[in-house]
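Subject: Structure handover

Hi,

Here is the structure we talked about. Please open it first, then read the notes below.

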Amino acid sequence: MAETAENRTQSDDSRKAARAERRAARLAKQIGAFARAHGGAEGQLAHLGQAGTRIVLVGEDGAWGDLVAPSYAVAESATGKAGITLHEDFDGDFAAKVRTGPYEWSRMAGIQVGGPSNTKG
């Protein structure tokens, strides 16, 4: 029996949905590991355009990190599976939780004109 275009489309959609679900599960594991290592975590989702969606994580200890999901839906699913609180914006009390160290300050200053170099001479 010949496969119709409609069946192919449904099959392609099913594969894409399964791939997105697997990606969300992998991201949820990474988010969970971050949360366990840092006494819990909260997050914020930021669109990156065609590159996907950035998941910014802030641990209860002030550590931070990020992951990139291929889409907003996958990022939302991953954070939901991980059970973290999501913030609409990265400002106020949420941003105040982030603790930066010498590395971050050096990197930020290094991109400014006259800032320290980030390479070893």
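Helices here are DSSP runs of H or I with at least four residues, and they are numbered from the N terminus. You will need that for the salt bridges below. Keep in mind that this is a predicted model.

**Overall layout**

The protein chain has four helices and four strands. Along the sequence they follow the pattern α-β-β-β-α-β-α-α. The chain has 121 residues, and 25% of them count as buried.

**Salt bridges**

The whole structure holds four salt bridges. Three of them are worth a look, and they come next.

Start with Asp12 and Arg15. Their closest N and O atoms are 2.4 Å apart. Both residues sit in helix α1, three residues apart, so about one helical turn separates them. Asp12 has a relative accessible area of 33%, so Asp12 is partly exposed. Arg15 is partly exposed too, at 46%.

Next, Glu21 and Lys81. This salt bridge has its closest N and O atoms 2.5 Å apart. The pair ties distant parts of the chain together: Glu21 belongs to helix α1 and Lys81 to helix α2 (residues 72–82), 60 residues apart. Glu21 is partly exposed, with a relative accessible area of 41%. Lys81 comes out at 43%, so Lys81 also counts as partly exposed.

Then Arg54 and Asp66. Their side chains meet in a salt bridge at 2.6 Å, N to O. This pair also links distant parts of the chain, with Arg54 in strand β2 and Asp66 in strand β3, 12 residues apart. Arg54 is partly exposed at 29% relative accessible area. Asp66 is partly exposed at 37%.

**Strands**

Strand β1 covers residues 41–47. It is mostly covered: five of its seven residues are buried. β1 has two partners. One is strand β2 (residues 53–59), which runs antiparallel to β1 and is joined to it by seven bridges. In that pairing, Ala46 stands opposite Arg54, and Arg54 is the residue that bridges to Asp66. The hairpin of β1 and β2 has five residues between the strands. Gly49 in this hairpin takes a positive phi near 75°.

The other partner is strand β4 (residues 85–87), which pairs with β1 in the parallel sense over three bridges. Here Gln44 has His87 as its bridge partner.

Strand β3 spans residues 64–69 and includes Trp64. Is Trp64 buried or partly exposed? At 37% relative accessibility, Trp64 counts as partly exposed.

**Charged patches**

The positive one is formed by Lys16, Arg19, Arg22 and Arg26. Of these, Arg22 lies in helix α1 (residues 5–37). Arg22 is at 47% relative accessibility and so counts as partly exposed.

The negative one gathers Glu88, Asp89, Asp91 and Asp93. Asp93 lies in helix α3 (residues 92–96). Which class does Asp93 fall into, buried or exposed? Its relative accessibility is 68%, so Asp93 counts as exposed. The cut-off for that class is over 50%.

Best wishes

Terms used. Residues numbered from 1 in each chain as written. Predicted model: local features only at pLDDT ≥ 70, side-chain atom pairs only at ≥ 80, totals over all residues. Heavy atoms only, no water. Buried < 20%, exposed > 50% of the residue type's maximum accessible area, 1.4 Å probe, protein only. Helix = DSSP H or I, 4+ residues; strand = E, 2+ residues; numbered from the N terminus. Pairing = 2+ DSSP bridges. Patch = residues over 30% accessible without salt bridge, like charges linked within 9 Å, V, L, I, M, F, W, Y side chains within 5 Å. Areas by Shrake-Rupley, 256 points an atom, 1.4 Å probe, with all protein chains shown as cover. Lys, Arg positive; Asp, Glu negative; His and termini not counted. Charge placed at Lys NZ, Arg CZ, Asp CG, Glu CD.
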